[in-house]
Amino acid sequence: TNRQTRPLTVYARSVLLQGLLMMHPDEIPKHLSALAPHMREMDEWLASQGVDRLTAAFGFVSRHPGIDAVVVGVDSLEQLEQYLALSSKLADFSTILSAGLARFGEIEPRLLSPNLWDGLRQEKRGGQDG
């Protein structure tokens with residue numbers, strides 16, 4: 001879809017999956033533990049590409065044709081400056097993005113959707129009461 005002719009603007013939020021993408025694999029909550037091996041593999045692969053997780057996450061959303069802008073929360077001026085500096089790192093991200101999508105495209109979607117995490121948490125506990 002051409003951004004110029006769409007009647008709406010699409011904003012991406014929770015780019016870092018509520019901080020999950022910045023966690024060490026050993027810090028991942030139990031209900032999302034199935035992501036830990038993927039995160040370890042992603043770290044190895046990103047290192048081989050010379051890219052960190054933050055750059056990869058923002059590179060993904062900035063190259064997505066359906067996303068017009070990214071909404072982020074910041075805790076400090078340093079963090080804001082770090083986000084702003086990403087634009088120069090993302091200039092040549094298309095090749096890495098294509099390879100990454102091919103490599104990590106099979107991760108269960110429920111693990112990547114923060115709005116579905118409560119359901120996973122309940123499954124880990126053995127289901128709902130009642």
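Predicted model: local features only at pLDDT ≥ 70, side-chain atom pairs only at ≥ 80, totals over all residues.
Ser-14 is placed in the loop that runs between β1 (11-12) and α1. Its phi is near 55°, which is positive even though the residue is not a glycine.

Leu-17 is likewise found in the loop between β1 and α1. This residue, also not a glycine, has a positive phi of about 50°. With a relative accessible area of 11%, Leu-17 is buried, because that value is under the 20% cut-off.

## The second largest pocket

The second largest pocket holds about 290 Å³ of space. Its lining comprises 14 residues, and those closest to the pocket centre are Arg-13, Ser-14, Val-15, Leu-16 and Gln-18.

## Helix α1

Helix α1 covers residues 36-49, a run of 14 residues. From the first C-alpha to the last, the helix reaches 20 Å, close to the 20 Å expected at 1.5 Å a residue. Just after α1, Gly-50 adopts a positive phi of about 75°.

Which residues of α1 are buried? They are Ala-36, Met-39, Met-42, Trp-45 and Leu-46. An α-helix has 3.6 residues a turn, so positions three or four places apart point the same way.

## The largest nonpolar core

The largest nonpolar core contains 27 residues. The members that touch the most other members are Leu-16, Leu-20, Leu-21, Ile-28, Leu-32, Leu-35 and Phe-58. At least two residues of this core come from each of the helices α1, α2 (53-63), α3 (77-89) and α5 (117-125).

## The aromatic pair

How many aromatic pairs does a search of the whole structure find? The search finds one. In this pair, the ring centres of Phe-58 and Tyr-83 lie 5.2 Å apart and the planes meet at 35°, so the pair is tilted; an angle under 30 degrees would count as stacked and one over 60 as edge-to-face.

The pair links distant parts of the chain, with Phe-58 in helix α2 and Tyr-83 in helix α3, 25 residues apart. Both Phe-58 and Tyr-83 are buried.

Technical notes
Residues numbered from 1 in each chain as written. Heavy atoms only, no water. Helix = DSSP H or I, 4+ residues; strand = E, 2+ residues; numbered from the N terminus. Expected span 1.5 Å × (residues − 1). Buried < 20%, exposed > 50% of the residue type's maximum accessible area, 1.4 Å probe, protein only. Core = buried A, V, L, I, M, F, W, Y, C linked by side-chain atoms within 4.5 Å. Phe/Tyr/Trp six-rings, centres within 6.5 Å; stacked < 30°, edge-to-face > 60°. 1 Å grid on protein atoms, 1.4 Å probe; cavity = no way out; pocket = protein on both sides within 12 Å on 5 of 7 lines; lining within 4 Å. Points joined across faces, edges and corners; volume = space filled by probe spheres on them.
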